[in-house]
Amino acid sequence: MSETATATKRDSGAAAAPGGGGPGFMSGPIGRNLGLVIALAILCAVGVVTAGDRFADVNNVLTILRLASVIGVVSIGMTFVIIGGGIDLSVGALVALSSVWATTLATQALAEDVHWIVMVLTAILVGAGAGLVNGVVIAYGKLVAFIATLAMLVSARGLAEIIANRRTQIVQDRDFLSFFSGDVLGIPTLVIIWALVSVVGWVLLNRTTFGRRTFAVGGNAEAARLAGIRVQRHTVLLYVLSGVCCGIAGVMMMARTTTGSSTHGTLYELLAIAGVVIGGTLLIGGRGTIVGTVLGVLLLTTLGNVFTLNNLTSSAQAVAQGLIIVLAVLLQMRLASGGGRGRSARGGSGSPAGDAGAGGAGGGAIAAGNAIAAGNG
């Protein structure tokens, strides 16, 4: 069983070095996350030096966590999709659609008669339904994920505008607002929700067969299919999971702004992808961590807070975020370059070798089979 676990880590974790040895420390999950912690610590030091007590104040720290919580939940779902070899550009629009649908007069009237949980369930079901549409179109309709989710982005945002009649809908239920706007032991409820979603995501990705299959599908979809994984069904589930996260984020947005609006979640798709990529998840799939995503989102949010406290423009902040994303991707390429030939030989997701290299697919199938065996063992 120890050999099986080793094969699983080797296939779903960092790429091997060119010489056939194990991965370097910095290319492994611990090394990548340690680098993010150091970068976040440096950024906090800069904030203390430039903004003093305004940055170090407890209220400011809680503000950073509140701001990071909504996009953080969206990024957890995005992590699964990208590790699985896909992309989801519709997450921001799904947050908006979920918030609008959950704050319609009919939904709020039903919530008033029953319980405010009706609004929560409505938002989650709307997100899951839209994610299901994305997954079915991509997995069974064979449409490229970029195009399918781009179409959903436009459609969901337009549907939200139609439902809301281009108006901002106010949340009337005071119990709903008091629950989600409160805190537990001084920690905002929204931050606790983000923490719970992150923990559940970590367990799902690292301690279940579903997570191992996600790594296998993202690393080599054809090999995963040969190993007995139902790739199409798994792909649908990944997008449904992303939609559920968007629904939860929609509820959090409703609580934070006390509104449901078609303008919610604007550019969230870019922020989520940025947080995931900065966190060390490969855009080509097959590798990533939930902890890295959490740190990546915190890094971006803290950067924005430092810029705001120092009265720097949002334009300068956008430039800085762009540079960080580019540097993160370049670092990914450098750390993964040692295993690039191995991935090509296996026929990675979207690689021509995946179609032509039967030997590579067979080897990947063995690794994927080992992943399933480890999950069931």
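Me: Where does Ala111 lie?
Reply: This is a predicted model. Ala111 lies in helix 6, residues 105–113.

Me: Is Ala111 buried or exposed?
Reply: Buried means under 20% relative accessible area. Ala111 has 3% relative accessibility, so Ala111 counts as buried.

Me: Which residues is Ala111 in contact with, leaving aside its neighbours within four places in sequence?
Reply: Trp116, Val118, Met119 and Asp173. Now take a separate pair, Ala111 and Phe176. They sit 65 residues apart in sequence, and their C-alpha atoms are 9.6 Å apart in space.

Me: Next, helix packing. At what angle do helix 4 and helix 15 pack?
Reply: Helix 4 (residues 58–83) and helix 15 (residues 290–309) pack at about 140°, and their axes are 8 Å apart. Angles over 145 degrees count as roughly antiparallel. At this angle, therefore, helix 4 is oblique to helix 15. The crossing is right-handed.

Me: Which residues make the contact?
Reply: From helix 4, they include Ile64, Ala68, Gly72 and Phe80. From helix 15, they include Val294, Leu298, Thr301 and Asn305. By type, the contact of helix 4 with helix 15 has twelve nonpolar residues, eight polar and no charged.

Me: Last, a helix on its own. How many residues does helix 10 have?
Reply: Helix 10 (residues 189–206) has 18 residues. From first C-alpha to last it reaches 26 Å, close to the 26 Å expected at 1.5 Å a residue.

Me: Which residues of helix 10 are buried?
Reply: Among them are Leu190, Ile193, Trp194, Val197, Gly201 and Leu205.

Methods
Residues are numbered from 1 along each chain as its sequence is written. This is a predicted model: local features need pLDDT of at least 70, side-chain atom pairs count only at pLDDT 80 or more; totals for chains, interfaces and linings use all residues. Side-chain values use heavy atoms; hydrogens and water are left out. Helices (H or I, at least four residues) and strands (E, at least two) are DSSP runs, numbered from the N terminus. The expected span of a helix is 1.5 Å times one less than its number of residues. Buried means under 20% relative accessible area, exposed over 50%, partly exposed in between (1.4 Å probe, protein chains only). Axes are lines fitted to C-alpha atoms, for helices over the stretch in contact, and angles run from 0 to 180 degrees between N-to-C directions. Angles under 35 degrees count as roughly parallel, over 145 as roughly antiparallel, 65 to 115 as roughly perpendicular and the rest as oblique. A crossing is left-handed if the near helix is turned anticlockwise from the far one by less than a right angle, and right-handed if clockwise. Contact means heavy atoms within 4.5 Å. Ala, Val, Leu, Ile, Met, Phe, Trp, Tyr, Cys and Pro count as nonpolar, Asp, Glu, Lys and Arg as charged, and the others, Gly among them, as polar.
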